[in-house]
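Subject: Structure handover

Hello,

Here is the structure for your files. Please open it alongside this note.

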Amino acid sequence: MESPEEYLAKKVSWQLFATLTFRAVPPDAVKRKMLHAWLSWFGDLEQAKGREAATGATPRKKEVLWMVREELGEISGRFHYHVLLAGLSKNLVNVRTAMASCARWEKLHGGMARNYVYSPYLDGVAYVLKGLSQDDDWKRFGAINYEIGKFQEAEGRRVLLGHSLQWKLATRT
């Protein structure tokens, strides 16, 4: 049975899935600043696209929908993010944008980034939200209980929701 969070998150038409690592793990404030700079880059892309189509007026910067999971790596224990993005213009949802966003993360002095066009068949929502429900499949089948333990044992490892996503979920009927 899926959690309420998973149920709502699956209603969003996610477009990109990303994993963002760090060369060396910086303090929390720096990690968040890097993450928000990377996320805001997508809004900059939208604004630039709108500027090309606008007739003299500067378009408003579009805020994309995002959900982020903080996680510790299973082998090295290194901190990283899993990110779901939505709200991009259709012409920006492609491999080229995914690869450009990898380069953007590295330019912000992040580590390796692996970013993909989202496929609902791979259930990235369940992966990002794993361990939140008391009886979800991740726990029930026990194949990867170590994954759940990473979230329960590690303080501060949580799911972060962008304001636009919170608003969209709250106003959904």
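Below is what was found in it.

This is a predicted model: local features need pLDDT of at least 70, side-chain atom pairs count only at pLDDT 80 or more, and totals for chains, interfaces and linings use all residues. Residues are numbered from 1 along each chain as its sequence is written, and side-chain values use heavy atoms, with hydrogens and water left out.

Overall layout. The protein has seven helices and five strands. Both are DSSP runs numbered from the N terminus: helices are H or I with at least four residues, strands are E with at least two. From the N terminus on, the order is α-β-α-β-β-α-β-α-α-α-β-α. Of the 173 residues, 45% count as buried. Buried means under 20% relative accessible area, exposed over 50%, and partly exposed in between (1.4 Å probe, protein chains only). Take contacts between residues at least 6 apart in sequence: 71% of them join residues at least 24 apart. Contact here means heavy atoms within 4.5 Å.

Cores. A nonpolar core is a set of buried Ala, Val, Leu, Ile, Met, Phe, Trp, Tyr and Cys residues joined through side-chain atoms within 4.5 Å. The largest one has 24 residues. Leu20, Trp38, Val83 and Leu85 have the most contacts inside it. At least two residues each come from strand S1 (16-21), helix H2 (28-53), strand S2 (65-72), strand S3 (79-86) and helix H3 (95-107). H2 gives the most, with six residues. A second, separate core has 14 residues, including Ala9, Met67, Val128 and Leu129.

Leucine 20. Setting aside residues up to four places away in sequence, Leu20 touches Leu35, Trp38, His80, Tyr81, Val83, Trp105, Met112, Ala113 and Asn115.

Methionine 34. This residue sits in helix H2. Its relative accessible area is 10%, so methionine 34 counts as buried. Beyond its neighbours within four places in sequence, methionine 34 contacts Phe22, Pro26, Trp105, Leu108, His109 and Gly110. Methionine 34 and glycine 110 are 76 residues apart along the chain, yet their C-alpha atoms are separated by 7.7 Å.

Surface. The protein exposes about 10000 Å², and carbon and sulfur atoms supply 56% of that. Areas come from the Shrake-Rupley method with a 1.4 Å probe; for residues, only the protein chains shown count as cover. Valine 117 is in strand S4 (residues 113-117). Its relative accessibility is 36%, so valine 117 is partly exposed.

Best wishes
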